[in-house]
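The following exercises concern one predicted model. Each task is followed by a solution in steps.

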Amino acid sequence: MLFCSPQMETSLELTNMTRVQQFVLLGFPTRLGIRDALFVVFLSLYLLTLLENTLIIYLICSHKELHKPMYFFLGNLSCLEMCYVSATMPTLLVGLWTGPYHISFITCMTQLFFFVSLICTECTLLASMAYDRYVAICRPLHYPLLMRPQVCLGLALSSWLGGLVVSAIKTKCIASLIYCGPNVLNQFFCDVSPLLNLSCTHVALTELVDFISAIVIFCGTLLVSLASYSAIGMAVLRMPSAAARRKAFSTCASHLVVVGIFYSAALFIYCRPSRIKSMDLNKVLSVIYTVVTPLCNPIIYCLRNKEVHTVLKKTLHWP
């Protein structure tokens, strides 16, 4: 008689399991009338976000006055916001239009890869932009050297490539898990926590990888941003002109609001090593950093800027 060890029995059981071939994105399961209204709202926000960021990229590329490090990073951020909102919004809109949306396993993992990559890139870009403002305000004499084109290009490339590398590792870990049912994701896009909740295998290692990467990316870049804006605040307090202090504080405060909203929502979800149960709250928070921040960032960072206003008026032939 042959005896199987518990480990071998577990392995045989997992081998015989039917792997999930597709997931169901639950989205926002509300009444049809409410879904129709939400569809119109989110579609309008999506189109407005694309329009805002396209306009900013066009203005930065077509006017030499904006060929500066600050606007170089803003152009990268606008490009990222367009990709970012386009990675999640289509499944949200389809779910509102048709109800629960069926998505194949490969498509789900592809969406997860781009989403994680873009959110990591955004964190690094926000930190780079905060550092740029720190150098401009606190070390103005060294600004041409510290923020020369090669440095700016290196920061931007490291942001994009770093996001791709981190996302490739996290997506590979999550895709290698076994999903044997149920296959309903209580979310409007393929996200880390809902997928971990559906896995029928041990996810401790994957959760650890997710937690460590979240701590390094989110907390590391957040500390850089906070340190930069803190130094800027101290430098502003030493300014002799009250008008200059008010202007600088207004700009920094608006930047900090965007950074605070983005990081608060993201850190709540992604810096927790255990599986998250309050998925309805997660959906609301996900809307904040996947829909609201891409819409607000161009307004806060760029469209309130006097140089951008001047270029925009020149482009539109306004008096």
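**Exercise 1.** At what angle do helix 2 and helix 11 pack, and how far apart are their axes?

*Solution.* Two packed helices are described by the angle between their axes and the distance between the axes.

Step 1. Identify the elements: helix 2 spans residues 32-62 and helix 11 spans residues 306-316. Helices here are DSSP runs of H or I with at least four residues, strands are runs of E with at least two, and both are numbered from the N terminus. Residues are numbered from 1 along each chain as its sequence is written, and the model is a predicted one in which local features need pLDDT of at least 70 and side-chain atom pairs count only at pLDDT 80 or more, whereas totals for chains, interfaces and linings use all residues. Side-chain values use heavy atoms, with hydrogens and water left out.

Step 2. Take the geometry: the angle is about 90° and the axes lie 11 Å apart. The axes are lines fitted to C-alpha atoms, for helices over the stretch in contact, and angles run from 0 to 180 degrees between N-to-C directions.

Step 3. Classify: helix 2 and helix 11 are therefore roughly perpendicular (65 to 115 degrees; under 35 is roughly parallel, over 145 roughly antiparallel, the rest oblique).

Step 4. List the contacts (heavy atoms within 4.5 Å): Leu55, Tyr58 and Leu59 of helix 2 meet Val308, Val311, Leu312 and Thr315 of helix 11. By class, this contact has 6 nonpolar, 1 polar and no charged residues. Ala, Val, Leu, Ile, Met, Phe, Trp, Tyr, Cys and Pro count as nonpolar, Asp, Glu, Lys and Arg as charged, and the others, Gly among them, as polar.

**Exercise 2.** Is Glu81 buried or exposed, and which residues does Glu81 touch?

*Solution.* Step 1. Locate the residue: Glu81 is in helix 3, which covers residues 69-98.

Step 1. Apply the accessibility classes: Glu81 has 0% relative accessibility and therefore counts as buried (under 20% relative accessible area; exposed is over 50%, partly exposed in between, with a 1.4 Å probe and protein chains only).

Step 2. Leaving out residues up to four places away in sequence, Glu81 touches Asn53, Glu122, Thr293, Pro294 and Asn297.

**Exercise 3.** Where does Lys170 lie, and which residues does Lys170 touch?

*Solution.* Step 1. Lys170 belongs to helix 6, residues 149-175.

Step 1. With a relative accessible area of 8%, Lys170 is buried.

Step 2. Beyond residues up to four places away in sequence, Lys170 touches Val116, Asp210 and Ser213.

**Exercise 4.** How many aromatic pairs does the structure hold?

*Solution.* Step 1. The structure holds 12 aromatic pairs. Rings of Phe, Tyr and Trp (its six-membered ring) pair if their centres lie within 6.5 Å; planes under 30 degrees apart count as stacked, over 60 as edge-to-face and the rest as tilted.

Step 1. For Phe113 and Phe114, the ring centres are 5.4 Å apart and the planes stand at 70°, so this pair is edge-to-face. Phe114 is partly exposed, at 44% relative accessibility.

Step 2. Ring pairs also link Phe28, Phe42, Tyr84, Phe115, Phe188 and Phe189 into a cluster.
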